[in-house]
Amino acid sequence: MDLRNSMWWTLTIVLCELSALKCDNVVPRAPSTNNYTVTNGNVTCVVMTAGIRLTIPYVTATKNDTVNITIPQNGTTYSGMCSKPDGTNQLNINFLDNWNLTFIFANSSTVDNSYEWQIAILSYIIDSYYFPNATNSGKHNLTLTFPNGTNAAQYNGSYRCDRTQDVPLSNSVTMTMVNLKYRAFGSDNQTDISSSNVSTCLGSHGISPETDLALALAVGIALGSCIVLTLVVYVIASRARGHKNLK
């Protein structure tokens with residue numbers, strides 16, 4: 001085996017090993033946290049911080065595919081209403097090209113002296129830019145109403161969920177939220193979220209710092225194995241070439 005063949009053999013094995021690290025199997029990193037407020041005059045009724053990622057399936061002519069859309073920090077606007085006729089507070093997040101995510105907060109009917117995140121509404125557009133070769137293009141609307149008492153917090157307090165929450169907006173579309181904090185029905189101009197009277201989520205799952213570390217270690221070990229394998233193959237090929245030259 002000459003040097004050129006041994007190098008091609010080594011390169012082929014490396015590429016085969018690297019192809020095992022499929023991007024589709026890698027857990028996406030946690031979305032960056034953004035800040036949102038709703039203000040009416042001198043009153044800031046809603047304050048929310050969260051990192052939000054949407055996992056949306058779509059259909060092509062040959063397969064079913066999935067896209068992860070993170071609400072970006074740049075180009076995102078937000079608005080809302082503090083005193084809707086039905087007594088709710090509303091936060092609207094506008095991003096990408098005519099995408100909208102709405103959060104509606106209402107008085108809790110099951111928890112005394114509390115409010116709750118009651119409804120999530122997503123309006124999104126499947127187009128060729130974010131969904132290549134999609135056959136189910138067009139505008140889609142999803143509405144999720146939480147059971148009474150879910151995500152409740154006291155009027156003089158806030159809600160917090162430090163771990164990741166995967167919120168199913170439908171049977172197939174998922175909204176992943178990290179570092180979620182909010183307060184609603186505020187009556188002053190404060191834009192911070194108080195650390196007192198905090199209600200927390202009972203449990204959640206998904207991406208955590210531990211998961212990110214484990215993912216980094218797994219990729220590092222896989223790449224290290226590729227390097228070691230490359231060296232071993234090269235040494236074997238070199239020795240085989242050396243033995244051939246001695247004959």
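Visitor: What pattern do the disulfides of the protein chain follow, with bonded cysteines counted along the chain?
Guide: Bear in mind that this is a predicted model. The count comes to two disulfides. One joins Cys 45 to Cys 82, and Cys 161 and Cys 201 form another. Counting bonded cysteines along the chain, the pattern is 1-2, 3-4.

Visitor: Okay, which parts of the chain does the pair Cys 45 and Cys 82 link?
Guide: The sulfurs of Cys 45 and Cys 82 sit 2.2 Å apart. That pair connects distant parts of the chain, 37 residues apart. Cys 45 belongs to strand 2, and Cys 82 to the loop between strand 4 (77-81) and strand 5 (89-95).

Visitor: Is Cys 82 buried or exposed?
Guide: The cut-off for buried is under 20% relative accessible area. Cys 82 comes in at 12%, so the label is buried.

Visitor: And is the link of Cys 45 and Cys 82 left-handed or right-handed?
Guide: Look at the torsion about the S-S bond, which is -85° for Cys 45 and Cys 82. With that value, the link is left-handed.

Visitor: Why is the disulfide of Cys 161 and Cys 201 right-handed?
Guide: The sulfur atoms of Cys 161 and Cys 201 are 2.1 Å apart. What makes this disulfide right-handed is its torsion about the S-S bond, about 75°.

Visitor: How many residues apart in sequence are the parts that Cys 161 and Cys 201 tie together?
Guide: Cys 161 lies in strand 10 (residues 158-161), while Cys 201 is in the loop between strand 13 (198-200) and helix 2 (209-246). Both cysteines are buried. The parts they tie together are apart in sequence by 40 residues.

Visitor: Back to strand 2: how far apart in space are Val 46 and Ala 184, C-alpha to C-alpha?
Guide: Val 46 is in strand 2 and is buried, at 0% relative accessibility. Leaving out residues up to four places away in sequence, Val 46 touches Tyr 36, Phe 105 and Ala 184, among others. Val 46 and Ala 184 are 138 residues apart in sequence, yet their C-alpha to C-alpha distance is 4.4 Å.

Definitions and conventions. Residues numbered from 1 in each chain as written. Predicted model: local features only at pLDDT ≥ 70, side-chain atom pairs only at ≥ 80, totals over all residues. Heavy atoms only, no water. Helix = DSSP H or I, 4+ residues; strand = E, 2+ residues; numbered from the N terminus. Buried < 20%, exposed > 50% of the residue type's maximum accessible area, 1.4 Å probe, protein only. Contact = heavy atoms within 4.5 Å. Disulfide = S-S within 2.5 Å.
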